[in-house]
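User: Please examine the structure shown below. I would like to discuss its helix packing, its sheets and some of its residues.

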Amino acid sequence: MCGIVGYIGFRKAYPILIEGLRRLEYRGYDSAGIALLENGKLDVYKQVGKVLDLEASIPKKEFAQTLGIAHTRWATHGAATQDNAHPHYSYSKDIAVVHNGIIENFMLLKRRLIALGYEFRSDTDTEVIVNLIESERKAGKVSLEKAVNRALQQLHGAYALAVLSKTEPEKLIVARKGSPLAIGLGKSYEEFFVASDAIPIIEYTQDLIYLNDNEVALLEKGKKVVVKDIFGKLKNYKIKHIDLDMNMVTKGAYEHFMLKEIFEQPETLSNTIFSHLDEKKDKIYFEGLESLKQQLIDANRIVIVACGTSWHSGLIGEYLIEELARVLVEVEYASEFRYRKPIIHKGDIVLAISQSGETADTLAALRYSKEQGAITFAICNVYGSSMAREADFVAYTYAGVEIGVASTKAFTAQVAVLSLLAITMGLENKQLDEKRGKELMTSLRMLPEMVAKTLEQDAAIQQIAKNFLEITSFLYLGRGINFPIALEGALKLKEISYIHAEGYPAAEMKHGPIAMIDENLPTLIVGTNKEYYEKIVSNAQEVKARKGTVVAVVSAGDRELSDMADYVFEVPEIADCLQPIITSIPLHLFSYHIAVMKGCNVDQPRNLAKSVTVE
Ligand code: AGP
């Protein structure tokens, strides 16, 4: 899931493009490159590694060009090599392209182009796109836009593209299908900014156009943006005003975005909760839900589709909605759901959960469900993202921009929205009594403060983390609504410290994993839920009986489990169904400190990217 940036205007393009790449680096950091065009001269620089490596490899000189494109790569087709780095030239070196996505029929197209005498410098699918554009332009003696359209009509797969050509140096052409692309409008069309999301653009303008699938935009200085579909038919577009500020995309005083985002949670939870829950009156409000409320209340079942950490939120949503609204919930890995041809009944509610709103499998699962007649809901964090625009109803988490690849504040905000949705459904279908509903709303209002209290343990958690720098595997256990938290804690440790970890329902331990337990395999037990407390204490005893080390997350004032555990994270007490938001905090901090002390790059873990926009 690469990041692409483009600029055409009156300013020097180089600094805008390099800074844009830095802001998009969370989308992929295998290689980076830039192409600058002026007076028919195209300068291309590319380097394996990070944007810093690219900058270091570029000769120190003034770049006056006011038109350029750039790319930061997450390798799909072809290893992370210099040749496979973007931008890619056409055979004649007249056209350059940067691309985010995957072209599935690229081998077929490549063979055709080779038969026409084209030679290739890389193993990428992207080089096929740029040569296809060149061959269409040559064959048809047509303009760059026409050639781009003709090429796009032959592509199967996903793309966000930016194209420029030496022979048509006053144009920047961009196109999208599947992968996200935003266009930033400068004053009176004097300049345009292009990027995979709003983050590289908001410094210059907050008026954006989000391209839809199969749309191509022509950007020329001083002229209105022209959007057409890939067959050349003119398309209308909406300009969205994005309310983001630069503080949201800088680390501030924090060493890492991940730590900043963990410590932002009192504020982000407050923003999310009070965007939907009245500060004083026990009223929950979701913009745009009114027209669909009856379908939600009458729904026989809700199918939640998501990936990764968002899938863990979905699992918590299942516990919440089934407990508070007594409505059947099924939680699906979006990647499996979309190909399993699942049975969707007309009127079913399918809820897609996604921080980015762009994850390819979740987006496809949402689109499939829509085609099958389901009512589609989305919980997203990125304003104007594809899922937010395509779902029948969207509830935003107001967690702000999340840059750290490991999702933290967006996760707790997703769980807060799911709690509010479950309470709304329970009160509407009378499965939840008013009194309990009010109690839960009161607890939700106290959550930001409780999270702030939990964060005070950061230093103590760091001390405990020091004891686990040499371990190679970790077992995480939880019961009931804390089982998904065990999964989430394990995922965080895996993705940022590269230590193998497994989350398991605590009772399942006896059916296999207990065989692994000895003095070298520590077990983290989430033991805060009152309902299963005795059972979770027995699980801890079973681990201790096999000389296993126990790290326990307990509620304030806990005795039994704390006395038995080797290390303890204590969190404020709250209603069982709202615990996941609190218990996730020490787990995120624990994995963060282990990873930092092991010298891992927590913001950009190897092989990962923030938004998985390809299959
Ligand atoms: C979480 O830390 C990971 N970055 C990853 O599992 C992520 O949750 C997953 O890719 C889903 O992303 P989304 O919420 O943007 O759809």
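User: Which residues of helix 7 meet which residues of helix 13?

Analyst: This is a predicted model, in which local features need pLDDT of at least 70 and side-chain atom pairs count only at pLDDT 80 or more, while totals for chains, interfaces and linings use all residues. Residues are numbered from 1 along each chain as its sequence is written, and side-chain values use heavy atoms, with hydrogens and water left out. Helices (H or I, at least four residues) and strands (E, at least two) are DSSP runs numbered from the N terminus, and contact means heavy atoms within 4.5 Å. On that basis, Gln265, Thr268, Leu269, Thr272, Ile273 and His276 of helix 7 meet Lys409, Thr412, Ala413, Ala416, Val417 and Leu420 of helix 13.

User: How many nonpolar, polar and charged residues does the contact of helix 7 with helix 13 have?

Analyst: Ala, Val, Leu, Ile, Met, Phe, Trp, Tyr, Cys and Pro count as nonpolar, Asp, Glu, Lys and Arg as charged, and the others, Gly among them, as polar. The contact of helix 7 with helix 13 then has 6 nonpolar, 5 polar and 1 charged residues.

User: Why is helix 7 described as roughly parallel to helix 13?

Analyst: Axes are lines fitted to C-alpha atoms, for helices over the stretch in contact, and angles run from 0 to 180 degrees between N-to-C directions. Angles under 35 degrees count as roughly parallel, over 145 as roughly antiparallel, 65 to 115 as roughly perpendicular and the rest as oblique. The axes of helix 7 (residues 265-276) and helix 13 (residues 409-428) come within 9 Å and cross at roughly 25°, which makes helix 7 roughly parallel to helix 13.

User: Are helix 13 and helix 19 roughly parallel or roughly antiparallel to each other?

Analyst: Phe411, Thr412, Val415 and Ala416 in helix 13 meet Pro580, Ile581, Ser584, Ile585 and His588 in helix 19. This contact has 6 nonpolar, 3 polar and no charged residues. The axes are 10 Å apart and the packing angle is about 170°, so helix 13 and helix 19 are roughly antiparallel.

User: Is His593 buried or exposed?

Analyst: His593 belongs to helix 19 (residues 579-597). Leaving aside neighbours within four places in sequence, His593 is in contact with Asp458, Ile461, Gln462 and Ala465. Buried means under 20% relative accessible area, exposed over 50% and partly exposed in between (1.4 Å probe, protein chains only). With a relative accessible area of 4%, His593 is buried.

User: Which residues is Gly317 in contact with, leaving aside its neighbours within four places in sequence?

Analyst: Gly317 is placed in helix 9 (residues 308-325). Gly317 is buried, its relative accessible area being 0%. Beyond the excluded neighbours within four places in sequence, Gly317 is in contact with Ile304 and Leu418.

User: What is the bridge partner of Ala160 in strand 8?

Analyst: An open sheet of 6 strands, paired antiparallel, has the order 5-6-7-8-12-13. Within it, strand 7 (residues 159-165) and strand 8 (residues 171-177) pair in the antiparallel sense over 5 bridges. The bridge partner of Ala160 in strand 8 is Arg176.

Note on methods: Pairing = 2+ DSSP bridges.
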